Amino acid sequence: MTEKEEERTEDLNYYRLNLISMLKSSYPEYLDNEGFISNRSQEAAEAFEDAVRSGSNYLDASAEANRTLYAGLGFSKFDTIFAVLTEEFTKELEEEQFRPFALKMMPVCEDVFAKYELYENFEDSPEYDALYTEITGRIVTYIEDNGIDL
């Protein structure tokens, strides 16, 4: 393998690991999508290389690569559910239960999210309060019907 190929592989691994880290924390629904992860990592590495070839400095090229890597990942359904749980269900759940229960609630709340046109910074919109309230209600109903069984 040439030095250039090794450098490219390192770049891909760097972007891949960063993307996986982001997905684990806020977008677990994408973690099983190997095509998405591979394509995004490659596109980010290419964006970095293109920016450098065009004369950008390292910081600007890195910023361009990150824009490419995280494009479309502005609003997190998981983070919304997690926020609802940590703000509204502290009496029902222990701290270590928040994440596993939020993961469990993802498919339960999907039809609520489908009612809204979600976009980057949606949490700053007036519609977010309505979504938050609906998610809270859905979780209350789920717990009343099924309990908290992880």
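Because the model is predicted, local features need pLDDT of at least 70 and side-chain atom pairs count only at pLDDT 80 or more, while totals for chains, interfaces and linings use all residues. Residues are numbered from 1 along each chain as its sequence is written, and side-chain values use heavy atoms, with hydrogens and water left out. The protein chain has six helices and zero strands, where helices (H or I, at least four residues) and strands (E, at least two) are DSSP runs numbered from the N terminus.

**Overall build**

- Read along the sequence, the protein chain follows the pattern α-α-α-α-α-α, and its C-alpha trace spans about 60 × 35 × 25 Å along the principal axes.
- The radius of gyration of the protein chain is 19 Å, whereas a compact globule of 150 residues would have a value near 15 Å; the radius is taken over C-alpha atoms, and the globule rule is 2.2 Å times the number of residues to the power 0.38.
- Of the 150 residues of the protein chain, 36% count as buried, a class that means under 20% relative accessible area, with exposed meaning over 50% and partly exposed lying in between (1.4 Å probe, protein chains only).
- The accessible surface of the protein chain comes to about 9000 Å², and 47% of this belongs to carbon and sulfur atoms; such areas come from the Shrake-Rupley method with a 1.4 Å probe, and for residues only the protein chains shown count as cover.
- Among contacts (heavy atoms within 4.5 Å) in the protein chain between residues at least 6 apart in sequence, 66% join residues at least 24 apart.

**Helices H4 and H5**

- Two packed helices are described by the angle between their axes and the distance between the axes.
- Helix H4 (residues 77-88) and helix H5 (residues 98-113) pack at an angle of about 115° with their axes 9 Å apart; axes are lines fitted to C-alpha atoms, for helices over the stretch in contact, and angles run from 0 to 180 degrees between N-to-C directions.
- The contact is made on the H4 side by Lys77, Phe78, Thr80, Ile81, Phe82, Leu85 and Thr86, and on the H5 side by residues including Phe98, Phe101, Met105, Cys109 and Phe113.
- By class, this contact of H4 with H5 has twelve nonpolar, two polar and three charged residues, where Ala, Val, Leu, Ile, Met, Phe, Trp, Tyr, Cys and Pro count as nonpolar, Asp, Glu, Lys and Arg as charged, and the others, Gly among them, as polar.

**Buried residues**

- Phe113, placed in helix H5, is buried with a relative accessible area of 2%, and, leaving aside neighbours within four places in sequence, Phe113 is in contact with Phe75, Lys77, Thr80, Ile81, Leu118, Leu131 and Ile135.
- Phe113 and Tyr132 are 19 residues apart in sequence, and their C-alpha atoms are 9.8 Å apart in space.
- Phe75 lies in the loop between helix H3 (58-69) and H4 and counts as buried at 11% relative accessibility; beyond its neighbours within four places in sequence, the contacts of Phe75 include Tyr27, Thr80, Phe113, Leu118 and Tyr128.
- The C-alpha atoms of Phe75 and Thr90 are separated by 23 Å, with the two residues 15 apart along the chain.
- Ser26, in helix H1 (residues 3-26), counts as buried at 10% relative accessibility and, not counting residues up to four places away in sequence, touches Ser76, Phe78 and Asp79.
- Thr136, found in helix H6 (residues 126-146), counts as buried at 16% relative accessibility, and, with residues up to four places away in sequence not counted, Thr136 touches Val84, Glu88 and Phe89.

**Partly exposed residues**

- Arg138 also has its place in helix H6 and is partly exposed, with a relative accessible area of 25%; leaving aside neighbours within four places in sequence, Arg138 is in contact with Val108, Cys109, Asp111 and Val112.
- Arg138 and Gly55 are 83 residues apart in sequence and, from C-alpha to C-alpha, 51 Å apart in space.
- Asn121, in the loop between H5 and H6, is partly exposed with a relative accessible area of 42%, and the phi of Asn121 is near 70°, a positive value in a residue other than glycine.
- Asn39 lies in helix H2 (residues 34-53) and counts as partly exposed at 47% relative accessibility.
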